[in-house]
Amino acid sequence: MAASMLAPILVASLALGQALPPWMSGESRGEDLRISLVTFSPGDTLTEWWGHTSLVVEDTRLNHGRLYNYGMFGFDQGFVHRFMQGRLEFWVSDDSISGTYRLYQYLKRDIRIQELNLLPDQAMQVAKALGTNVLPENRTYLYHHYNDNCSTRPGDIIDAAIGGQLKEYEKQPSVLTLRQHTRRYSMVNVPMSLVLDYLQNDELDGPATLRQAAFLPDELERHLGVLQVKRPDGTVVPLVKTQWVFSKSERPRPPEVPPNFIPAIFAFAVLLGGLALALGHFGRDGQRLPRVVFGLLHMVLGLGWGSLGLFLFFMGLFTNHTVTHRNENLFLISPITFGALPFGVMLAWGAKRAKPLLKWTWTILSITSVLGVLVKVLPPFNQDNWNLIALALPVNVAFAAVFWLDERRAKKTS
């Protein structure tokens, strides 16, 4: 799913791209071509969490081979704008096989190879498709995290060569939804996993097929490993002729099902809400330290959660990122949350207007949060966001309660 964007591979790609490979120049014979799918395990950075896939073509007679990588992108001047608009272009490169393997060994990532059991004309079809795609006029494509990425493109090329049999097999239902598949890999960093969950709507929550799950390189590898293909003469053979591990890292494989962190998230939210109630209690008579700490807490939540709310609101209305549209998480954390930042500054400074402003900010958020739970009885509101509910609802209610309790006490003492 993620991209390899390191300079050595790109340099190698440009160098190799000066001459056509033998399968494009007419020198190769189909019976001499070896096609392999290479799966790289997840890495350390966010773009590497989901692993990576490449296709390798080798002419065993001419001793020539190239690795085709559909995960290339660069942080050029327009990257942020295109990403925000959902118009991020990736490209396919042809790279040194040994150089790429050395790079992933250095990064301590698995390298697993599946040699495909293709007929000569099928192998030639794959090789020519890859050689055509890497040409300058064809190499770029509009990237999509789930529908069009470094894993789906190789899968489509293999499927075309075997007459649609992979696509037919992948019509079967997946055990997990796309969100659950995503969580299996993103839970290596729980805060970032929650951010990704917050930004993505219920498009990820309906029944998924194996084909949809193959946005993950590991899943594509799994499907090829069990697929039996029927040849024109009627014989049925495994699609994978042989498979082996070229290099093994010490990283654990992602879990088969995502862990359930909702109890831990809810406990954290209750503690955060309890801290707010404690600061409100000890600062009820105007003590400076609890007031300043409470103001700082508002600033942190206003900046962090509020920025997410503004970002999601913008992405949902003005971009092509369809997975952000119609997102129920705006019931929980919205642009209104950003108000906690300036009002928190006012509270820390001791401004009298801060408390009523914060009271209504958190009250509105509490009402919308409860509404976000209640509407789940309606079929359209089926987003799997209980982890975000467990986080935001207790915090919103507790923070609102602080100011209502403070106002009630002030009325009793007046």
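Q: Let's start with helix H9. Which of its residues are buried?
A: In this predicted model, helix H9 covers residues 190-199, and its buried residues are Ser193, Leu194, Leu196, Asp197, Tyr198 and Leu199.

Q: And what do those buried residues pack against?
A: Four helices: H8 (178-186), H12 (262-282), H13 (288-318) and H16 (386-413).

Q: Let's take H16. At what angle do the axes of H9 and H16 cross?
A: At roughly 105 degrees, and the two axes come within 10 Å. Angles of 65 to 115 degrees count as roughly perpendicular, so H9 and H16 are roughly perpendicular to each other.

Q: Which residues meet there?
A: From H9 you have Leu194, Asp197 and Tyr198, and they meet Asn387, Leu388 and Leu391 of H16. By type, the residues of this contact divide into 4 nonpolar, 1 polar and 1 charged.

Q: What caps the N-terminal end of H9?
A: Asparagine 189 does that. One of its side-chain oxygens lies 3.1 Å from the backbone nitrogen of methionine 192.

Q: OK, switching to strands. What order do the strands of the open sheet have?
A: The sheet has 7 strands, in the order S6-S4-S3-S2-S1-S5-S9, and the pairing is antiparallel. S6 (140-142) and S9 are the edge strands, each pairing on one side only. From one strand to the next, the twist averages 25 degrees.

Q: How many residues of strand S2 are buried?
A: 7 of its 8 residues, so to speak a mostly covered strand, running over residues 52-59.

Q: How many bridges join S1 to S2?
A: There are 8, and S1 (residues 33-40) runs antiparallel to S2. Among the pairs, isoleucine 35 stands opposite valine 57 of S2, and phenylalanine 40 has histidine 52 of S2 as its bridge partner.

Q: How many bridges join S2 to S3?
A: 6 bridges, again with the strands antiparallel, and S3 spans residues 64-72. Here valine 56 stands opposite leucine 67 of S3.

Q: What do S2 and S3 form, and which residue in the turn has a positive phi?
A: They form a hairpin with 4 residues between them, and asparagine 63 in the turn has a positive phi of about 55 degrees.

Q: Last topic: where is threonine 337?
A: Threonine 337 is in the loop between H13 and helix H14 (340-349).

Q: Is threonine 337 buried or exposed?
A: Buried: the relative accessible area of threonine 337 is 1%, and buried means under 20%.

Q: Which residues is threonine 337 in contact with?
A: Leaving aside neighbours within four places in sequence, threonine 337 is in contact with Leu301, Gly302, Trp305, Gly306 and Leu365.

Notes:
Residues are numbered from 1 along each chain as its sequence is written. This is a predicted model: local features need pLDDT of at least 70, side-chain atom pairs count only at pLDDT 80 or more; totals for chains, interfaces and linings use all residues. Side-chain values use heavy atoms; hydrogens and water are left out. Buried means under 20% relative accessible area, exposed over 50%, partly exposed in between (1.4 Å probe, protein chains only). Helices (H or I, at least four residues) and strands (E, at least two) are DSSP runs, numbered from the N terminus. Contact means heavy atoms within 4.5 Å. A polar contact is a pair of N or O atoms within 3.5 Å; within protein, one must be able to donate a hydrogen and the other to accept it, and residues adjacent in sequence count only if both atoms are side-chain atoms. Two strands pair if DSSP finds at least two bridges between them. Axes are lines fitted to C-alpha atoms, for helices over the stretch in contact, and angles run from 0 to 180 degrees between N-to-C directions. Angles under 35 degrees count as roughly parallel, over 145 as roughly antiparallel, 65 to 115 as roughly perpendicular and the rest as oblique. Ala, Val, Leu, Ile, Met, Phe, Trp, Tyr, Cys and Pro count as nonpolar, Asp, Glu, Lys and Arg as charged, and the others, Gly among them, as polar.
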